[in-house]
Amino acid sequence: MTDNRLADATSPYLLQHKDNPVAWRPWGPEALAEARATDKPILLSVGYAACHWCHVMAHESFEDPDVAEVMNRLFVNIKVDREERPDIDQIYMSALHALGEQGGWPLTMFLTSEAEPFWGGTYFPKTARWGRPGFTDVLEAIAGMYRTDRGRIDTNRKALMDHLRKAPLGATARLPSDLPITAGQRLAGLYDKTHGGIHGAPKFPQACVSELVWRTSLRTGDAEALRTCILTLERMSNGGIYDHIGGGLARYSVDERWLVPHFEKMLYDNAQYISHLARALALPGLAPPVAELFRTRLDETVAWLQREMMNGPAFAASLDADSEGEEGRFYVWTPNQVAAVLGETEEALLFCEAYDITAPGNFEGSSIPNRLIPPEDDGGDVLARFAQARHTLLAARETRVRPGRDDKVLADWNGLMIAGLAEAEYIFRIAGVSRESWRRLAVGAYRFVMEEMRDDTGRMAHAWRDGRSTRPGFASDLAMMMKAAIALAETSASISEANRFLTDAKDLAAQLDRDFAAEGGGYYLSSVDAGDVILRPLSPMDEAVPNANGVAAEALQRLWHLTGDQDAEARSEAIVTRFGSEIAGNVFGTASLLSAMDTGVNALLAVLVVPVEGDASDSAMALRRAVAGLADPAVLRLEVPTGHPFPAGHPMEGKSAKDGRPTLYLCRQGACSAPVTEAADIEAALVQLLGPRTRAF
């Protein structure tokens, strides 16, 4: 009987492998002690539940008794969920990159019995093909080298460990304050002016980069850069990367037109998609068809979230790309399948024409619904005209075999989604459209993470599933829950509620400092309590989610402006300084830190003083819409009742509503504008604070 020890794991990904004939161990002291005791090398396999090529390698190799026999005889085999242990993934992925490999998942690394890497790769086929060696050949060769040529192993190990231990250099000189703008201009030049997104294929949403380009367009008045950001959102929203039947965005498209997705759906992509749609929707003068598209996509994506991604009051991590052993099978259609649901009707024919569902198909003999047509050719009525047809097709699709769901709750990804929902609900609310259920969703998930995923000392877990938590948490968990708390505060109509969220944000910041702070600034990903890793990763680089240091730097800036906590500003600046060389050398990979820098330079605090909390008068709503219409991530909002006491030294100290009317103050660098009671006067107040401006819209 195989000594596979994954049956008690919390991770759905590890549980997918519990019946493999491989003697898998979860990462931890026992597995590492076994490697030392037997002097066997470690085979580390890192993946995640929604990973297509992870499934391929599992079916080909890990389920094969002959391959498993070789693995079990020669190695201590450790399986890791990269979402549950992002620190382990980051350490060994960095080692793979140092070997000159591009990286990806499954990550297959070979480690000494002390868990130090010496060689690796990603997917290996069972037998040699596609220019890749066969997996069993690799296993025999690596194990043979480990037995007979330790000198070569040690040379590789030492070089990789030297690379991993290399600390960020810090800034050799103070970074120029206009670096976010010049970096954003460079990145804007990488964008595809026809299809949106970064030129070429595959195409990822690149949310951090898009936000920096957006900010740059606002600072420089570059209307073309802003149009490119809108185009990117529009093309993603119309492409096959978006699920036109059920809502939600897939992880990326393999082509340059956003047509063919890698079908897995990740919580973090949809969280950032919701945030960007909401910000774009606030823009004044957005073309009506585009505004309607974005409103519909928000409604559909949140509906998908509620229908398919809830785990209690919090959000599950992902949906798989595969079902019935095929990638995308759940999501694609043929004309006959559409006709079987809608009937042999003109509506079915028109639906297929509108959504590119053809007999030849656009994906392996079937069709991915999409609306990839030039905007000028879009009649503008497709969304409304086929709403019922999409609803009917969704009901029929629900009878298909569903892709697997990774239902673990991740604190950091939930933080991103909470922030996105808070912002989206607020944009609808100030437009006079109720989406109150969205705020309830956000607050419910927030409370779950803050109450169920923290221990008696307040320390946060990273993952939760079936009543069990994975501890300790990571810097990303605290940073992104800070982001969530601040977003809920900024969109709150009650100052008492806002203050509770801001108090939470301060507490999270204190925990971040206590458990993750690096000497000289910045935060390690792993906690000071993480005793099972060879080092604590310290990196500013964004991945598909913004880096914890970028999120923390932004959150600390906002905390300073909203509460007057000057220590928060100092900590934010220390993060940027610590990673100065990395920022200057890689603006693409550090876009979230550059956005935090931009907030540091251009933060604008918009304080609305109202006669009563939740004032819904026309004048109050007009002022809220005008502030939101700036569509500027560096604008911070706070709403207070008349007579609210601000701390001594705060630029709002002593200011109140003018003539008992809702009154807006715009504050920057310790000074506030004259009171504004009419939305039309906001531009003059901005000129008073900022000087003449060139608008991108």
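In β17, threonine 470 is the bridge partner of alanine 463. The model is a predicted one. Select residues 463–465, which form strand β16; this strand pairs with β17 in the antiparallel sense over three bridges. Now widen the selection to the open sheet, in which three strands follow the order β15-β16-β17 with antiparallel pairing. Its edge strands are β15 (409–410) and β17 (468–470), each of which pairs on one side only.

Proline 472 belongs to the loop between β17 and α19 (475–490).

Then select tryptophan 105 and proline 106, where the peptide bond is again cis, with omega near 5 degrees. Here the loop that holds proline 106 runs between α5 (86–98) and β4 (107–111).

**Helix α17**

Next, select residues 411–430, the extent of helix α17, and pick out asparagine 414 within it. Is asparagine 414 buried or exposed? Asparagine 414 has 0% relative accessibility; because the limit for burial is under 20%, asparagine 414 counts as buried. To see what surrounds asparagine 414, display Leu267, Ala314, Phe315, Val409, Ala445 and Val449, its contacts once neighbours within four places in sequence are left aside.

Glutamate 423 is also found in helix α17. With neighbours within four places in sequence set aside, glutamate 423 is in contact with Ala278, Thr491 and Arg637. For a distance check, select glutamate 327 as well: glutamate 423 and glutamate 327 are 96 residues apart in sequence, and their C-alpha atoms are 33 Å apart in space.

**Two residues with positive phi**

Select aspartate 356, in the loop between α14 (346–354) and α15 (382–385). Although aspartate 356 is not a glycine, its phi is positive, at about 60 degrees. Its relative accessible area is 30%, and aspartate 356 is therefore partly exposed.

Go on to glutamine 669, in the loop between β20 (663–668) and β21 (671–672). Glutamine 669 likewise is not a glycine and has a positive phi, near 50 degrees. How is glutamine 669 classed at 65% relative accessibility? Glutamine 669 counts as exposed.

**The whole chain**

Finally, clear the selection and view the entire chain. Its secondary structure comes to 26 helices and 21 strands. The C-alpha trace spans about 85 × 70 × 45 Å along its principal axes. For 697 residues, a compact globule would have a radius of gyration near 26 Å, and the chain agrees with its 26 Å. Of these 697 residues, 60% count as buried. The chain exposes about 26,600 Å², of which carbon and sulfur atoms supply 50%. Colouring by charge would show 70 positive and 95 negative side chains, with the centres of the two sets 2 Å apart.

Terms used: Residues numbered from 1 in each chain as written. Predicted model: local features only at pLDDT ≥ 70, side-chain atom pairs only at ≥ 80, totals over all residues. Heavy atoms only, no water. Helix = DSSP H or I, 4+ residues; strand = E, 2+ residues; numbered from the N terminus. Buried < 20%, exposed > 50% of the residue type's maximum accessible area, 1.4 Å probe, protein only. Contact = heavy atoms within 4.5 Å. Rg over C-alpha atoms; globule rule 2.2 N^0.38 Å. Areas by Shrake-Rupley, 256 points an atom, 1.4 Å probe, with all protein chains shown as cover. Lys, Arg positive; Asp, Glu negative; His and termini not counted. Charge placed at Lys NZ, Arg CZ, Asp CG, Glu CD. Pairing = 2+ DSSP bridges.
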